[in-house]
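Please walk me through this model in the viewer, one selection after another. Tell me what to pick and what I will find there.

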Amino acid sequence: MARFTKDQVRHLGSLVRIALSDDEADRLKNDLNVISQSITHVQDVATADVPPTANPVPLEAPLRPDVPAKTLDRDEILAQAPKSQDGQFVAPRILGGK
Amino acid sequence: MAEKLMSFEEAIKRYDPVWGLETHVELNTKTKLFCPAPYSFGGEPNTELTPVSLGLPGSLPVLNKQAIDDAIRLGLALHCHINEWSQWSRKNYFYPDMPRDYQISQDDKPLNGEGYLDVELDDGSTFRVPILRAHVEDDAGKNTHIGGAAGRIEGAAYSLIDYNRAGVPLVEIVTQPVTGTGAKAAEIAGAYVRMLRDIARALGVSEGRLEQGNMRADVNVSLRESPDAPLGTRSETKNVNSFRGIEKTIIYEIRRQATILSQGGEILQETRNWDESTQTTANGRLKSDANDYRYFPDPDLVQVHTTQEHIDELKATLPEMPLHRRHRLQKEWGLDDRQMHAILNAGALDLIDQTVQAGASADGARKWWLGEISRVANEQKLALDELPVTPDDVAELEQMIADGKLNDRLAKKTIAGVLAGEGTPSEVADAHGYKVVEAGSELGSIIDKAFADNPDVVEKLKSGNMKPMGVIIGAVMRATRGQADAKAVSAEVIKKIRG
C-alpha cells in the first residue's frame with residue numbers, strides 16, 4: 001500500500017496552490033492514507049476476471065455535429081474580469097512573483 | 001558557448017543520437033473540440049467564446065464528432081491502431097492561457113495507438129518512423145506579454161489574453177524514440193514532419209501552416225555512447241514552429257550535448273526553447289517533476305466508443321497518400337528524381353498537378369511554375385499559392401501558346417500581367433494587344449518591307465545561301481514588336497524567295 005509522507009502532501013498542496021499549515025498537512029496525510037488503504041482493498045477484491053473500469057457510468061460519449069453556435073458578447077465577458085485592455089483579459093505578471 | 005561547441009561530424013562520430021518528436025496538428029473543424037464556438041486564425045480577440053471555452057462554472061463539454069473523425073482518419077493514415085475505447089484526462093497546470101487551469105487531453109487511453117510513417121529521403125531511401133500514439137486534446141489561448149523586451153515573458157509587467165484559440169482541437173502525434181538515424185537525424189526528422197504536413201493537407205484535416213501555428217513540434221534529443229547503451233537523458237525543446245527550426249534544433253542539441261558529455265558533464269532533463277535569432281536553444285525550466293500535471297480521468301466526460309464498422313467507413317474515405325501520389329505523378333510526368341525534388345522543394349506539386357488536370361502538358365506546367373512564377377515568388381518572398389496566378393491561368397496560357405495566339409515572348413509578358421493582378425491570361429493579352437501577327441497579307445507586307453531594306457540579303461537568299469535568313473526574321477520581329485511567330489515568318493520568307 002502506498003503511504004503518503006507529509007512532504008508529499010505539502011508538494012501536492014503547492015501544485016494546487018493551497019497553503020497548508022503544519023496541522024493541516026498532518027491531517028490530510030492521515031486522510032490520504034485512509035483513502036489509499038481503501039483503494040488497496042478494492043484492488044485486492046478486483047481479480048483478473050473483473051474488467052478495468054474507467055468511469056463509474058457505463059456510457060459512451062455523445063458526439064455533436066460540427067455546427068457553429070452563437071458566441072458570447074465580448075463586452076459582457078470582459079465586464080466579469082477584474083481587468084481588461086484592448087478586448088483582452090489582463091493577467092498579472094506571470095514570472096517574477098512568488 | 002556557441003563558439004566552443006563540438007562539430008556535428010565529431011559529435012556523430014562519438015555519440016549515437018536518439019530523438020523523438022511530439023507534433024501538434026491543429027484540426028480545421030468549424031467549431032472547437034468541446035463546444036460549438038467557431039475559430040478563425042487572426043480573428044478579433046475574445047469573440048469566439050462560449051461558456052465552455054471560458055471554463056465557466058456549470059458548463060459541460062460536448063465532443064465534436066468531426067474532430068474525432070478527423071483524428072481517426074489521421075491515425076489511419078499513420079497506420080495507428082485505433083482504440084475501441086478512448087478516454088479524456090485532465091492535465092492540470094497553472095498558467096493563464098487556459099481558463100480552466102487544465103487541458104483536456106488523453107493519457108493512458110488515447111484514440112490512436114501505435115503506428116508508423118515511412119518517409120523518403122533525398123537519396124531515394126526510405127526510413128520508417130515508429131509512432132507511439134496520436135491523441136486528441138484542446139489547444140490553449142494566446143498570451144501577449146506587455147512591458148518586457150521584444151514581447152518576452154521575462155521582465156513583462158503583465159499579459160493580455162485572447163481565449164479564442166482555447167479549445168481548438170489538436171492531434172498530438174508522438175513518435176517512439178527514433179534510433180539508428182546517425183548523421184541523418186535532422187534530415188529524417190524534417191522529412192517526417194513535412195510528410196505529416198502533406199498527409200494532414202491531403203486528408204483535408206488541417207491547413208498545416210507552421211507559420212500560423214497549425215503545426216508545431218516539441219523536439220526531444222538525447223545521446224548515448226553506442227547503439228547498445230541505454231538511452232541518455234533527454235532535453236525537450238518546446239514549440240518549434242518551422243521545418244528548418246526542427247532540423248536545426250536537432251543538430252544544435254546533438255552538438256551541445258556532445259560537448260557537455262565529452263567534458264564529463266551531465267545532461268539535465270529540462271525543457272528548452274529554440275531561438276531563431278541566435279540559432280541556438282536556451283534552457284526553459286527543469287523537468288524534474290515530470291508527473292506534476294496530475295493527470296486524472298475527466299469526470300465531465302465519458303469514454304469515446306469507436307466501432308470497427310465506423311473505422312472501416314472512415315478508412316474508405318482516405319485519399320491517395322502523398323508518397324504514393326508523388327511516385328505516381330513522377331512516373332506519369334516522366335521525371336527523374338532530381339526534377340521531382342525541384343518540384344517538391346518549390347512546393348509546386350499540387351499546383352502543377354492541378355495545371356495538368358486543367359489541360360496543360362506536364363512540361364509546360366513545370367516550366368511556368370518553376371520558372372517565371374517561382375522567380376517572382378522568390379522576389380516577393382511569397383509562396384507560389386499566394387501569388388495571383390492559378391493553375392487554370394497557367395493552363396490557359398499554355399493553350400494560347402499551343403493555338404499560336406502567343407509566342408514565348410508574348411507569353412512571358414502575359415504571365416507578368418497575370419502576376420501583377422491584371423486578370424486572366426486572355427484578359428491581359430486583350431488589354432495589352434498581345435497577339436501573334438499571323439501569316440497573311442499583314443505579315444507579307446512587313447516581309448516585303450524587310451526585303452526592300454536589305455536587297456543584298458535577298459540576293460544571297462535567292463542564290464540559295466540561307467545563312468542571312470536571321471537578318472530578315474530579326475527585321476520582321478522588330479517591325480511587329482516581337483508579335484510575329486518566327487516559324488511562320490521563316491516559312492513565309494522561303495515561300496516568297498522561291499515564289
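Select A:R64 and B:N64: in this predicted model, B:N64 of β2(B) is the bridge partner of A:R64. β1 of chain A (residues 63-64) runs parallel to β2(B), and 2 bridges join the pair.

Now show the whole contact between the chains, to which chain A gives 32 residues and chain B gives 41 residues. On chain B, colour β2 (63-64), α2 (65-77), β9 (158-162) and β16 (304-305), each of which supplies at least two residues to the side that touches chain A.

Within the pair, B:K238 stands opposite B:N273 of β13(B).

Last, colour chain B by domain: domain 1 covers 2-315, domain 2 covers 322-432 and domain 3 covers 441-498. The C-alpha centres of domain 1 and domain 2 of chain B are 35 Å apart. Where they touch, 8 residues of domain 1 of chain B meet 4 residues of domain 2 of chain B. On the domain 1 side, β6 (115-120) and α3 (185-203) of chain B each give two or more residues, and α3(B) gives the most, with 4 residues. That side has 3 nonpolar, 1 polar and 4 charged residues.

Definitions and conventions: Residues numbered from 1 in each chain as written. Chains lettered and ligands numbered in written order. Predicted model: local features only at pLDDT ≥ 70, side-chain atom pairs only at ≥ 80, totals over all residues. Contact = placed C-beta atoms within 7 Å. Pairing = 2+ DSSP bridges. Domains from an automatic or database assignment. Nonpolar A, V, L, I, M, F, W, Y, C, P; charged D, E, K, R; others polar.
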